[in-house]
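Have the model open while you read.

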Amino acid sequence: MAFVSVSGVTKRFGTHVGVDDVSVGLEGGETAVLFGANGAGKTTLIRMLASLSRPTEGEIEIGSEPLVGGNAAVRSRLGVVAHETMLYEELTARENLRLHARLHGVDAAVCDDLLETVGLADRGGERVAGFSHGMSKRVSLARALVHDPDLLLFDEPYTGLDQTSLKRVAAVLEDLEDRTVLAATHDLERGYRLADRVLFMNDGRLVGDLETTVFDDAAEVLEEYERRCTGGEPRAVTSGTAVPTRSTIGRADGTEDRETGER
């Protein structure tokens with residue numbers, strides 16, 4: 001049985017359908033990358049998996065346990081790095097991590113180790129308010145790892161990072177082989193290198209689920225995405241065979257769809 005199971009999940013915002021009857025599973029230790037145009041439903045799906053939003057229809061299970069309401073035991077198995085860092089800016093980097101550790105009953109000693117991991121050991125005593133976006137994203141990544149989660153969810157982990165932060169974040173993500181990871185990203189090259197599988201979304205639907213071994217490079221990933229968005233003949237797939245209508249990949253700057261806030 002899959003470690004992460006999404007079954008018939010739909011999310012509506014009034015008359016707009018943000019995610020439309022999506023079903024997908026992830027095995028323990030597997031890394032999947034979610035590609036799609038702005039407004040395709042990627043962020044909405046990530047938010048539902050992170051328990052930040054409830055599905056209108058369908059079920060989500062983590063480790064065979066339903067992700068519903070106040071299921072604290074299941075939520076404790078999640079680590080989330082959102083597009084916005086959601087840090088306490090008036091606290092230092094170390095204080096942000098220690099607060100998270102306290103909430104999860106984790107020894108605070110792990111915080112200094114994680115600051116070292118993300119390259120901020122010498123900045124841990126500084127307030128986050130003075131950090132660049134890239135530094136804040138690294139603190140957010142460290143926070144997500146504090147409680148040693150089984151499932152890590154990332155929404156645009158590479159967007160807006162300077163080269164130093166980009167290298168640090170990429171290195172940490174590539175070293176998560178023992179975790180289950182789902183990342184939504186517009187960075188095709190890095191996403192392709194990171195993933196075991198690529199999932200394509202378009203107009204709220206899952207339109208492709210392929211192992212990265214069927215591609216030679218990131219350019220082929222983009223070609224396949226566009227082929228599925230224009231009704232072309234798809235290559236062999238593992239799941240998700242619906243054919244959508246939109247034909248553009250999301251913008252590399254991570255800007256949002258104005259109607260839904262989706263990236």
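Q: What makes helix 1 largely enclosed by the rest of the structure?
A: In helix 1 (residues 42–49), 7 of the 8 residues are buried, so the rest of the structure largely encloses it. Buried means under 20% relative accessible area, exposed means over 50%, and partly exposed is in between (1.4 Å probe, protein chains only). The residues under that limit are Lys42, Thr43, Thr44, Leu45, Ile46, Met48 and Leu49. Just after helix 1, Ser51 takes a positive phi of about 65 degrees.

Q: What kind of model is this, and how are residues numbered?
A: It's a predicted model, where local features need pLDDT of at least 70 and side-chain atom pairs count only at pLDDT 80 or more, while totals for chains, interfaces and linings use all residues. Numbering starts from 1 along each chain as its sequence is written, and side-chain values use heavy atoms, with hydrogens and water left out.

Q: How many helices and strands are there, and what counts as one?
A: The protein has 8 helices and 10 strands. Both are DSSP runs, numbered from the N terminus: helices are H or I with at least four residues, strands are E with at least two. Of the 263 residues, 49% are buried.

Q: Why is the pair of Phe200 and Tyr225 called edge-to-face?
A: The search of the whole structure finds 1 aromatic pair. The ring centres of Phe200 and Tyr225 are 5.6 Å apart and the planes sit at 70 degrees, so the pair is edge-to-face. For the cut-offs, rings of Phe, Tyr and Trp (its six-membered ring) pair if their centres lie within 6.5 Å; planes under 30 degrees apart are stacked, over 60 edge-to-face, and the rest tilted.

Q: What does that pair tie together?
A: Phe200 lies in strand 9 and Tyr225 in helix 8, so the pair links parts that are 25 residues apart in sequence.

Q: How do you know that the span of helix 8 is close to the expected one?
A: Helix 8 (residues 218–229) has 12 residues and reaches 17 Å from its first C-alpha to its last, close to the expected 16 Å. That expected span is 1.5 Å times one less than the number of residues.

Q: What sits at the ends of helix 8?
A: Asp217 caps the N-terminal end, with a side-chain oxygen 3.2 Å from the backbone nitrogen of Ala219. A polar contact is a pair of N or O atoms within 3.5 Å; within protein, one must be able to donate a hydrogen and the other to accept it, and residues adjacent in sequence count only if both atoms are side-chain atoms. After helix 8 comes Gly231, with a positive phi near 80 degrees.

Q: Which elements do the buried residues of helix 8 pack against?
A: They pack against strand 3 (31–36), helix 7 (188–194), strand 9 (197–202) and strand 10 (205–211). Ala218, Val221 and Arg228 are among the buried residues of helix 8.

Q: Why is Cys229 called buried?
A: Its relative accessible area is 2%, so Cys229 is buried. Cys111 has 0%, so it is buried as well.

Q: How many disulfides are there?
A: The whole-structure search finds 0 disulfides, a disulfide being a pair of cysteine sulfur atoms within 2.5 Å.

Q: Why does Leu194 count as buried, and what is it in contact with?
A: Leu194 has 13% relative accessibility, so it counts as buried. This helix 7 residue is in contact with Thr31, Val33, Tyr158, Leu173 and Glu174, leaving aside neighbours within four places in sequence. Contact means heavy atoms within 4.5 Å.

Q: Why does Ser64 count as partly exposed?
A: Ser64 has 41% relative accessibility, so it counts as partly exposed. Ser64 is in the loop between strand 4 (57–62) and strand 5 (65–66), and its phi is positive, near 70 degrees, though it's not a glycine.

Q: Is Glu156 buried or exposed?
A: Glu156 has 1% relative accessibility, so it counts as buried. Glu156 lies in the loop between strand 7 (151–155) and helix 6 (163–174), and has a positive phi of about 55 degrees.
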